[in-house]
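Here are my notes for your next look at the model. Please read them with the structure open.

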Amino acid sequence: MLERWAETGRHRAQVVGVMVSESPSQDDPGAVMRPWRKRDEMWLATRSLLQPDPSSGRGRLRLHVDKKAAAQLSTPKLMSTTSGYTQIESKKAMKARGMKSPDRAEAVLLALYEPEPLHKPRRRGLLN
């Protein structure tokens with residue numbers, strides 16, 4: 001069965017479009033870093049997955065990427081807005097600094113991105 005899917009180029013993965021200029025799906029006013037837009041949310045989420053856990057020294061996620069992707073993941077600067085949101089440096093600002101577009105890093109972000117479910121489960125009662 002799997003071979004037939006591979007031969008025809010079909011798969012069972014759900015392809016989800018991402019509009020990076022949208023507001024983030026969740027906002028926690030008490031969070032240390034509150035993303036301004038979905039693009040910022042994706043960068044911050046990936047960053048938190050790669051941060052080492054103080055107890056073990058290892059990140060929750062280990063990536064095996066080439067040197068170019070690894071460099072691109074650490075290239076954009078973190079900035080803050082006057083309203084307390086965290087923004088990731090824009091591609092335009094990176095280009096002004098002489099940096100190239102972080103295309104490989106963004107491919108990693110998109111691969112790790114978990115959007116809100118399209119069809120949220122319905123509540124059945126008080127506890128569910």
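1. A nonpolar core here means a set of buried Ala, Val, Leu, Ile, Met, Phe, Trp, Tyr and Cys residues joined through side-chain atoms within 4.5 Å. Keep in mind that this is a predicted model.

2. The largest nonpolar core has seven residues. They are Met42, Trp43, Leu44, Ile88, Ala105, Leu109 and Tyr113. Two elements, helix H2 (38-50) and helix H5 (103-112), each give two or more residues to this core. H2 supplies the largest share, with three residues. In soluble globular proteins, nonpolar side chains tend to be buried together.

3. Look next at Ala105, one of the core residues. Leaving aside residues up to four places away in sequence, Ala105 touches Trp43, Ala69, Gln72 and Leu73.

4. Now the strands. S1 and strand S3 (residues 85-88) pair in the parallel sense, over two bridges. Pro35 has Thr86 in S3 as its bridge partner.

5. Strand S2 (residues 78-80) runs antiparallel to S3, and three bridges join them. Met79 stands opposite Gln87 in S3. S2 and S3 form a hairpin with four residues between them. In the turn, Gly84 has a positive phi of about 95°.

6. Where is Ser21 placed? Ser21 lies in the loop between helix H1 (2-8) and strand S1 (34-35). Its relative accessibility is 48%, so Ser21 counts as partly exposed; exposed would need over 50%. Ser21 and Trp36 are 15 residues apart along the chain. Their C-alpha atoms are separated by 9.2 Å.

Definitions and conventions
Residues numbered from 1 in each chain as written. Predicted model: local features only at pLDDT ≥ 70, side-chain atom pairs only at ≥ 80, totals over all residues. Heavy atoms only, no water. Buried < 20%, exposed > 50% of the residue type's maximum accessible area, 1.4 Å probe, protein only. Contact = heavy atoms within 4.5 Å. Pairing = 2+ DSSP bridges.
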